[in-house]
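Hi,

Here is the structure I promised to pass on.

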Amino acid sequence: MTQKEIYATANALREEAWGYYSRDLARSVDLFKDSEKLLLEIEHWGDLVDVYMALTQAHVSLGDLDVAASYAERCHEAGQRTGDEIKMALGRASKSLIFMHRHHQYPEAIQILSSNLPIFERLGDHKRMASTLNWLSDCYNCIGDFASAVDCINLSLAEAKLAGPLNLHSYATSLGNLAATYANFGLVQESLDTYRDVLKLADQLDSNRLRAIANNGIAMRQISRSEFVDARTHLTIALEQAVLAGSVKTEAEILSSFGSLSLKTGELDQARWYAE
């Protein structure tokens with residue numbers, strides 16, 4: 001194949017990979033790796049940054065944090081090779097994900113992500129602004145700064161709208177973060193209503209992972225209201241969707257929710273099993 005044909009094939013594989021990302025993560029990873037091979041063959045470092053960022057995020061969701069860290073290093077290196085401002089910022093962002101999920105070094109992640117925001121804002125990159133603000137909201141939630149988390153989420157929702165209909169997934173992710181933050185504030189009904197909005201978008205996007213997250217969130221709010229039968233139903237659906245999506249991280253969160261439900265209903269042996 002010519003370089004042009006190789007590049008076109010790599011791009012087609014990448015687009016197909018994104019199509020599977022929220023429905024079948026393992027299949028998505030395989031397609032991204034196939035795209036990576038072709039892009040390495042023609043040394044197209046700019047597109048490799050995007051592929052390595054996707055693989056970093058995917059392996060975080062799969063719970064393979066060592067593999068995720070390896071792809072983050074490759075993403076950072078590829079970004080440096082391009083000399084492009086946005087690609088270098090994405091390379092740094094990939095490393096922030098490792099600070100967040102592998103090392104739990106949230107201040108370091110916040111510093112990296114915050115330094116990227118002016119770059120994306122100046123260049124009018126609303127899609128990456130939305131993603132970066134989403135990650136920042138995660139960091140602030142993890143350190144208990146819920147007010148800053150809400151600020152970031154609201155900004156992310158605005159940026160996702162500006163990015164257009166193709167960024168509906170980012171908008172749904174922002175809503176999910178908002179629902180979680182409402183829960184942290186003790187706003188149970190607001191959290192429930194927002195998770196139900198996420199569920200509608202998940203169906204529209206055909207996203208198994210978002211369905212799992214939304215159903216788990218709904219179940220946890222129902223547990224807090226002692227609505228145990230409904231909570232179990234939503235958790236069962238959530239687990240099925242997480243398995244279909246191949247998201248080990250989300251699956252682990254749902255199993256933890258089953259443990260919380262078992263504790264509330266007095267099923268202590270079950271709760272211990274889920275804890276293990």
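Where is glutamate 43 found? Glutamate 43 sits in the loop between α2 and α3. (Helices here are DSSP runs of H or I with at least four residues, strands are runs of E with at least two, and both are numbered from the N terminus.)

A word on the source before I go on. This is a predicted model, where local features need pLDDT of at least 70 and side-chain atom pairs count only at pLDDT 80 or more, while totals for chains, interfaces and linings use all residues. Residues are numbered from 1 along each chain as its sequence is written, and side-chain values use heavy atoms, with hydrogens and water left out.

Glutamate 43 has a phi near 55 degrees, which is a positive value in a residue other than glycine. Glutamate 43 is also exposed, at 54% relative accessible area. (Buried means under 20% relative accessible area, exposed means over 50%, and partly exposed is in between, with a 1.4 Å probe and protein chains only.) Histidine 104 likewise has a positive phi, near 55 degrees, and its place is the loop between α5 and α6.

Now the helix pairs. Two packed helices are described by the angle between their axes and the distance between the axes. The axes are lines fitted to C-alpha atoms, for helices over the stretch in contact, and the angles run from 0 to 180 degrees between N-to-C directions.

Take α3 and α4: their axes are 8 Å apart, at an angle of about 160 degrees. The two are therefore roughly antiparallel. On the α3 side the residues in contact include Trp45, Leu48, Tyr52 and His59, and on the α4 side they include Leu65, Tyr71, Cys75 and Arg81. (Contact means heavy atoms within 4.5 Å.) By class, this contact has 14 nonpolar, 5 polar and 2 charged residues. (Ala, Val, Leu, Ile, Met, Phe, Trp, Tyr, Cys and Pro count as nonpolar, Asp, Glu, Lys and Arg as charged, and the others, Gly among them, as polar.)

Next, α6 (residues 106-122) and α7 (residues 126-142) come within 9 Å, axis to axis, and cross at roughly 155 degrees. That makes α6 and α7 roughly antiparallel too, and their crossing is left-handed. Among the residues that meet are Ile110, Leu113 and Phe120 from α6, with Met129, Trp135 and Leu136 from α7. The contact of α6 with α7 divides into 13 nonpolar, 2 polar and 2 charged residues.

What about α7 and α9 (residues 168-184)? Their axes are 10 Å apart, at an angle of about 20 degrees. So α7 and α9 are roughly parallel, again with a left-handed crossing. Ser131, Asn134 and Asp138 are among the α7 residues here, and Thr173, Asn177 and Thr181 are among those from α9. This contact has 1 nonpolar, 10 polar and 1 charged residues.

On to the inside. The largest nonpolar core has 45 residues, and Met100 and Leu136 have the most contacts inside it. (A nonpolar core is a set of buried Ala, Val, Leu, Ile, Met, Phe, Trp, Tyr and Cys residues joined through side-chain atoms within 4.5 Å.) Helices that give two or more residues to this core include α1 (3-20), α5 (85-101) and α8 (146-163). The most come from α3, with 9 residues. Apart from this core lies another, of 15 residues, including Ile153, Leu157, Ala179 and Ala202.

Leaving aside neighbours within four places in sequence, methionine 100 is in contact with Tyr106, Ala109, Leu113, Trp135, Asp138 and Cys139.

- Histidine 76 is in α4 and is partly exposed, at 23% relative accessible area. Beyond four places in sequence, histidine 76 contacts Gly91, Arg92, Ser94 and Lys95.
- Isoleucine 86 is in α5 and counts as buried, at 16% relative accessibility.

Cheers

How values were computed
Parallel < 35°, antiparallel > 145°, perpendicular 65-115°, else oblique. Left-handed = near helix turned anticlockwise from the far one by under 90°.
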